[in-house]
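Subject: Structure for you to look at

Hi,

Here is the structure I promised to pass on. Have a look at it first, and then read on for the notes on its pocket and its aromatic pairs.

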Amino acid sequence: MTVEILADPEVKAALDRLVDIARSDTGQSARVANFLLAWWNGDDWGHFPIADLFGVDRPIAADMATIFAFLGQHPGAIYADAFGYRDAMADLVERWRDPL
């Protein structure tokens, strides 16, 4: 069973929107990618500077808060892979990080 089955539909919708934004090419996209990649593996792909919230629109910040709140309420570690986003996260690494 994946976490997707357990998660509120708002969590999945927020993650869908954030991944779509991170796949685009704007300043907000880079900040969203920072958030998602820090969640996936901050030690390898960089951590999320909290000041990045100042550079995103309110709906994007709200989606980030939705993910953060879900993670804080769930016991144990949950990653984007559990929502079926392993390939999307690998694509974000390739797009936004030097994989070397």
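Please keep in mind that the model is predicted.

Phe35 also has an aromatic partner. By the rule used, there are two aromatic pairs in the model. In one of them, the ring centres of Phe35 and Phe48 are 5.4 Å apart and the planes stand at 80°, so this pair counts as edge-to-face. Phe35 belongs to helix α3 while Phe48 sits in the loop between α3 and α4, so the contact ties together parts 13 residues apart in sequence.

The other pair is Phe70 with Phe83, which is edge-to-face too, with 5.9 Å from centre to centre and 70° between the planes. Here helix α4 provides Phe70, and the loop between α4 and α5 (86-96) provides Phe83, again 13 residues apart. Phe70 and Phe83 are both buried.

Now to the pocket. The largest one holds about 240 Å³ of space. Phe35 and Phe48 are both part of its lining, along with residues including Trp39, Ile50, Leu53, Met64 and Phe68. Helices α3 (27-45) and α4 (58-73) each give at least two residues to that lining, and the largest share, six residues, comes from α4.

Key
Residues numbered from 1 in each chain as written. Predicted model: local features only at pLDDT ≥ 70, side-chain atom pairs only at ≥ 80, totals over all residues. Heavy atoms only, no water. 1 Å grid on protein atoms, 1.4 Å probe; cavity = no way out; pocket = protein on both sides within 12 Å on 5 of 7 lines; lining within 4 Å. Points joined across faces, edges and corners; volume = space filled by probe spheres on them. Helix = DSSP H or I, 4+ residues; strand = E, 2+ residues; numbered from the N terminus. Phe/Tyr/Trp six-rings, centres within 6.5 Å; stacked < 30°, edge-to-face > 60°. Buried < 20%, exposed > 50% of the residue type's maximum accessible area, 1.4 Å probe, protein only.
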